[in-house]
Amino acid sequence: MPITTCTIKNTEIIWIDAVDPTSDELSSISAKYNLNSYALLDCLDPDHLPKFEEHNNTHFLIIRVVNDNKEKLQTVQSLSCKIAIFYNESFIITVHRTAQPLISTIKETYVDTGKVKSSTGIVIHIVRDALHSFEQPAIDLSNEIDGYESKLFLKKNIPTDMIEAIYYLKNRASLYKKLLLLSNEVVNSIRAEGEEAPALRDVHDLHTKLLMLNDQVQEDAKELLNIYLSLSARKTNDVMKVLTVFSVFFMPLTFIAGIYGMNFKFMPELNYYWAYPISLFVMVLVSIIIFLWFKRKKWL
């Protein structure tokens, strides 16, 4: 994949952008700019989480950008991709496995026009755009939660596959929050002065906003899962209530039928002319009494 090099307009700062570089290419860049070998290993790890370090007078950070991935069960690697950045006052090196539109956008909008005149300024814009990638997914998750809430409360029959969908939603919300929490070190470690200071403050504000948004989404997902389980338990209780009511109605009737079903020789009621209708009347009367009692207790 290509390695592009450009110079920030009206400065001597060099920006090297490496897309899926080989080990030899990275070694060549490392030797030229005296990059730390352990940072290079982190740079090659596709699953590495956000971090910020300083080696050999060079800042090193990793930030993750959210992918448009529709898989159900997400992992950090499937949900996001990594951008590794080495920078100091004289150069900036960005390394990533796949082409990132935000890199080309920043080059066209800020570097080629001369709006950014420092490596720190470029880093701030990269981190800001990477954080922005978390915003729309969080809004989409919030909308999904609202949709599931409507289904739970407005539909009589709860879909059986809804709990699985809620679990996957909760999984994504947890991963977003985890990445944002780990990005906190990156955001707080960047230092900027002069013209770049307001942009850095905007990044701090955006990070705080996204943390709050994703925290709310995660809480809503947990609450939605609890609501689903509560409604499912309530439905089960309603079924058990109906079965219990039927059993209570038939218990005394079964008792009466059991007594007169015994084959004893001396049972005077068996020879009585009105025995059968009287037993039926008693059964009906008992059923009516049980029904009225249930009504009075408001169990029916």
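Student: In which helix does Leu-231 lie?

Tutor: Leu-231 lies in helix α8. Helices (H or I, at least four residues) and strands (E, at least two) are DSSP runs, numbered from the N terminus. The model is a predicted one, in which local features need pLDDT of at least 70 and side-chain atom pairs count only at pLDDT 80 or more, while totals for chains, interfaces and linings use all residues. Residues are numbered from 1 along each chain as its sequence is written, and side-chain values use heavy atoms, with hydrogens and water left out.

Student: Which residues does Leu-231 touch, not counting residues up to four places away in sequence?

Tutor: Contact means heavy atoms within 4.5 Å. By that rule Leu-231 touches Leu-152 and Ile-158, residues up to four places away in sequence not being counted. Leu-231 and Phe-266 are 35 residues apart in sequence, and their C-alpha atoms are 55 Å apart in space.

Student: How is a pair of packed helices described?

Tutor: Two packed helices are described by the angle between their axes and the distance between the axes. Here axes are lines fitted to C-alpha atoms, for helices over the stretch in contact, and angles run from 0 to 180 degrees between N-to-C directions. Angles under 35 degrees count as roughly parallel, over 145 as roughly antiparallel, 65 to 115 as roughly perpendicular and the rest as oblique. A crossing is left-handed if the near helix is turned anticlockwise from the far one by less than a right angle, and right-handed if clockwise.

Student: At what angle do the axes of α6 and α8 cross?

Tutor: The axes of α6 and α8 cross at roughly 20° and come within 10 Å. The two helices are therefore roughly parallel to each other, and their crossing is left-handed. Among the residues that meet are Ile-145, Leu-152 and Phe-153 in α6 and Leu-213, Leu-224 and Leu-231 in α8.

Student: Are α7 and α8 roughly parallel or roughly antiparallel to each other?

Tutor: The axes of α7 and α8 cross at roughly 155° and come within 9 Å. These helices are therefore roughly antiparallel, and α7 passes α8 in a left-handed crossing.

Student: What is the handedness of the crossing of α8 and α9?

Tutor: That crossing is right-handed. Helix α9 covers residues 275–296, and its axis comes within 10 Å of the axis of α8, at a crossing angle of roughly 155°. The pair is therefore roughly antiparallel. The contact includes Phe-249, Leu-253 and Ile-256 of α8 and Val-286, Ile-290 and Phe-294 of α9.

Student: How should I read a nonpolar core?

Tutor: In soluble globular proteins, nonpolar side chains tend to be buried together. A nonpolar core is a set of buried Ala, Val, Leu, Ile, Met, Phe, Trp, Tyr and Cys residues joined through side-chain atoms within 4.5 Å. Buried means under 20% relative accessible area, exposed over 50%, and partly exposed in between (1.4 Å probe, protein chains only). The largest nonpolar core has 58 residues, of which Trp-15, Leu-61, Ile-122, Val-127 and Ile-190 touch the most other members. Elements giving two or more residues to this core include β4 (58–66), β5 (80–87) and α7 (162–189). The most comes from α8, with 12 residues. A second, separate core of 16 residues includes Ala-18, Leu-35, Leu-40 and Val-95.

Student: Is Ala-84 buried or exposed?

Tutor: Ala-84 is buried, with a relative accessible area of 0%. Ala-84 lies in strand β5. Leaving aside neighbours within four places in sequence, its contacts include Cys-43, Leu-61 and Val-95. By contrast, Thr-254 lies in helix α8 and is exposed, with a relative accessible area of 51%.

Student: Where is Asp-20 placed?

Tutor: Asp-20 is in the loop between β2 (14–19) and α1 (23–33). Asp-20 has a positive phi of about 50° although it is not a glycine, and it is partly exposed at 34% relative accessible area. Asn-56, in the loop between β3 (51–55) and β4, has a positive phi of about 50° and is likewise not a glycine.
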